[in-house]
Amino acid sequence: QLVESGGGEVQPGDSLTLSCAASGPPLTSYAMGWFRQPPGKEREFVATITWSSVGTYYADSVKGRFTISRDSAKNTIALQMNDLKPEDTAVYYCAAAGSTTKFRRAEYDYLGQGTQVTVSS
């Protein structure tokens with residue numbers, strides 16, 4: 001089970017950190033990451049990190065502003081979001097997949113319930 005936290009309402013330019021905690025069997029062999037679903041739109045890939053934390057991948061829209069990290073010992077991942085923009089408004093979901101390639105294909109094995117992020121002035 002994946003549980004997200006840290007969402008909220010912020011102003012443009014602000015920062016926010018999302019966290020995702022995995023309960024049950026450790027997901028140490030899975031790629032993990034985040035995708036989001038803006039209001040009225042389809043879900044879109046945001047970022048993913050390999051099981052070893054060596055590789056990270058980002059959507060072009062968030063590259064340079066968002067940073068994904070992983071603590072395998074604690075079975076958690078985080079998404080540091082800086083310089084937030086109104087177009088970042090979405091429900092953010094944590095997920096796990098067999099590889100980062102599968103993650104980017106939305107072939108998830110585990111999925112959280114989501115946390116709302118609203119960026120508005």
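This is a predicted model: local features need pLDDT of at least 70, side-chain atom pairs count only at pLDDT 80 or more; totals for chains, interfaces and linings use all residues.

**Entry 1: the disulfide**

I began with the count, and it came to 1 disulfide. The partners are C20 and C94, with 2.0 Å between their sulfur atoms. I then looked up the handedness: the link of C20 and C94 is left-handed, at -75° about the S-S bond.

What does the pair tie together? I found C20 in strand β3 (residues 16-22) and C94 in strand β9 (residues 90-97), so the link joins parts that are 74 residues apart in sequence.

Are C20 and C94 buried or exposed? I noted both C20 and C94 as buried.

**Entry 2: the arginine**

Next I turned to R70, which sits in strand β7 (residues 66-71). I looked for a salt bridge and found that R70 has none, although R70 is buried. The nearest side chain of opposite charge is that of D71, 8.3 Å away.

Which backbone oxygens lie 2.7 Å from a polar atom of the R70 side chain? One is the backbone oxygen of L27. I wrote down the backbone oxygen of Y30 as well, also at 2.7 Å from a side-chain polar atom of R70.

Last, I listed the neighbours, leaving out residues up to four places away in sequence. R70 touches L27, T28, Y30, A31 and M32, then I49, T50, W51 and S53, and also T76 and I77.

Notes. Residues are numbered from 1 along each chain as its sequence is written. Side-chain values use heavy atoms; hydrogens and water are left out. A disulfide is a pair of cysteine sulfur atoms within 2.5 Å. Helices (H or I, at least four residues) and strands (E, at least two) are DSSP runs, numbered from the N terminus. Buried means under 20% relative accessible area, exposed over 50%, partly exposed in between (1.4 Å probe, protein chains only). Lys and Arg count as positive and Asp and Glu as negative; His and the chain ends are not counted. A salt bridge is a side-chain nitrogen of Lys or Arg within 4 Å of a carboxyl oxygen of Asp or Glu. A polar contact is a pair of N or O atoms within 3.5 Å; within protein, one must be able to donate a hydrogen and the other to accept it, and residues adjacent in sequence count only if both atoms are side-chain atoms. Contact means heavy atoms within 4.5 Å.
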